[in-house]
Amino acid sequence: MSAPSSTAPLLRVSGLSALIDGQQVVESVDFEVPATGVTAVLGRNGVGKTSTLRAIMGLITRSGTVEFEGERIDGLPTYRIVQRGVGYVPEDREVFSQLTVAENLRLATRGGAPHRDLVDELFPDLVQRSAQRAGSLSGGQQQMLSLARTLLNDNRILLVDEPTKGLAPMIVQDVAAALERAAATTPILLVEQNLPIVRRLADTVVVIEGGRVVHTGDAGDLLDDDERTQRLLGVHTTGDDDARTDTEVER
Ligand SMILES: Nc1ncnc2c1ncn2[C@@H]1O[C@H](COP(=O)(O)OP(=O)(O)OP(=O)(O)O)[C@@H](O)[C@H]1O
């Protein structure tokens, strides 16, 4: 196989479908993730955003094609996909609550933690709390730890699922700053319902409805079009700093 050209998408998803308990939750999804910047997956609650990421990672039964750097990864088990450099930060954070911050980071390390300095710089609070049990961290600190675990390693792409969900506004900004910094070197496929954060971070958007892609395009173009945003996402963006496409109230 010839090497992918510099303009080729890094990740190409074609006809991706997925089942949970026999129910079709992702239906023939097609989209591409370019080799730079942030691609945001948007959509109302329960439309299949998380399931799309989980299907790419091989965490749920899926069919269709997923190509990463020009090679198919849809037949690989999750650990092999991660070894290829696909970093995944799940929605529910999944920190080991009985282990300390330092132990969580050590367990996540592949190949000598090449980005330890970056992680320490991005998350000084975690350095301070290195001996603290992860289960006793706040939601925001656990999100930082979950991100830090993935950012420690060399990733070719990051899949990040709702990193700001349920977080206080100040922590949301800290998480966004960390993602912005990571995106400078590593492309990100981001599920995010906080539209101001999407506007800040994303270049491209993929909108999902009922398990299918219903819109792809420039992030600014969509978010500048209030009528279209309202139609696709059920929320207005104009002048609303807290616009979210879900119903959660931030704590
Ligand atoms: N473990 C599960 N068991 C049964 N149904 C599930 C499970 N996980 C997801 N689903 C269903 O699959 C569909 C898609 O869910 P998914 O979490 O992918 O959507 P989402 O767009 O990420 O939603 P949200 O924004 O609420 O996180 C929903 O109808 C949901 O109820």
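With 14 C-beta neighbours inside 10 Å, D225 counts as partly exposed, because a residue is called buried if 20 or more other C-beta atoms lie within 10 Å of its own, exposed if 12 or fewer, and partly exposed in between, with C-beta atoms placed from the backbone. D225 lies in the loop between helix 9 (219–223) and helix 10 (226–233); helices (H or I, at least four residues) and strands (E, at least two) are DSSP runs, numbered from the N terminus. D225 and V29 are separated by 196 residues in sequence and by 24 Å in space, C-alpha to C-alpha.

The structure is a predicted model, in which local features need pLDDT of at least 70 and side-chain atom pairs count only at pLDDT 80 or more, while totals for chains, interfaces and linings use all residues. Residue numbers start from 1 along each chain as its sequence is written. The predictor's confidence in each residue is expressed as pLDDT, from 0 to 100. The protein averages a pLDDT of 89, and 92% of the residues score at least 70. Confidence is lowest in helix 4 (residues 116–122), at a mean of 90, and highest in strand 8, at 98. Over residues 1–5 the pLDDT is below 50, and this stretch has 4 contacts in the model beyond near neighbours in sequence; a contact requires the C-beta atoms of two residues, placed from the backbone, to lie within 7 Å. Residues 247–251 also have a pLDDT under 50, and the model gives them 9 contacts beyond four places in sequence. Where pLDDT is low, the predicted coordinates should not be read in detail. For the complex, the predictor gives an ipTM of 0.92 and a pTM of 0.89.

An open sheet of 4 strands has the order 2-1-4-5, with antiparallel pairing. Strand 2 and strand 5 (71–72) stand at the edges, each with a single partner strand, so one side of each is left without a neighbour in the sheet. Two strands are taken to pair if DSSP finds at least two bridges between them. Strand 1 (residues 11–20) and strand 2 (residues 23–33) run antiparallel and are joined by 7 bridges, with L11 standing opposite V33 in strand 2. A further 6 bridges join strand 1 to strand 4 (residues 62–68), again in antiparallel fashion; the bridge partner of A18 in strand 4 is R62.

Strand 1 and strand 2 form a hairpin with 2 residues between them. D21, in the loop between these strands, has a positive phi of about 50 degrees although it is not a glycine. With 7 C-beta neighbours inside 10 Å, D21 counts as exposed. Most residues other than glycine have a negative phi. A positive phi, of about 45 degrees, is also found at E162, which is not a glycine. E162 is located in the loop between strand 7 and helix 7 and is buried, with 23 other C-beta atoms within 10 Å.

Strand 8 (residues 188–191) has I188 and L190 pointing one way and L189 and V191 the other way, and all are buried. Strand 8 runs parallel to strand 3 (residues 38–42), to which 4 bridges join it; A40 stands opposite L190 in this pairing. Strand 7 (residues 157–161) is likewise parallel to strand 8 and connected to it by 4 bridges, and V160 has L190 as its bridge partner. Strand 7, helix 7 (residues 169–183) and strand 8 make a right-handed β-α-β unit, a crossover being right-handed if, with the strands pointing away from the viewer, the path from the first strand over the helix to the second runs clockwise.

The ligand is surrounded by 12 residues, of which the closest are V25, N45, K49, T50 and S51; a residue is near a molecule or strand if its C-beta atom, placed from the backbone, lies within 6 Å of it. Helix 1 (residues 49–56) gives the most to this shell, with 3 residues. By class, the shell has 3 nonpolar, 6 polar and 3 charged residues, where Ala, Val, Leu, Ile, Met, Phe, Trp, Tyr, Cys and Pro count as nonpolar, Asp, Glu, Lys and Arg as charged, and the others, Gly among them, as polar.
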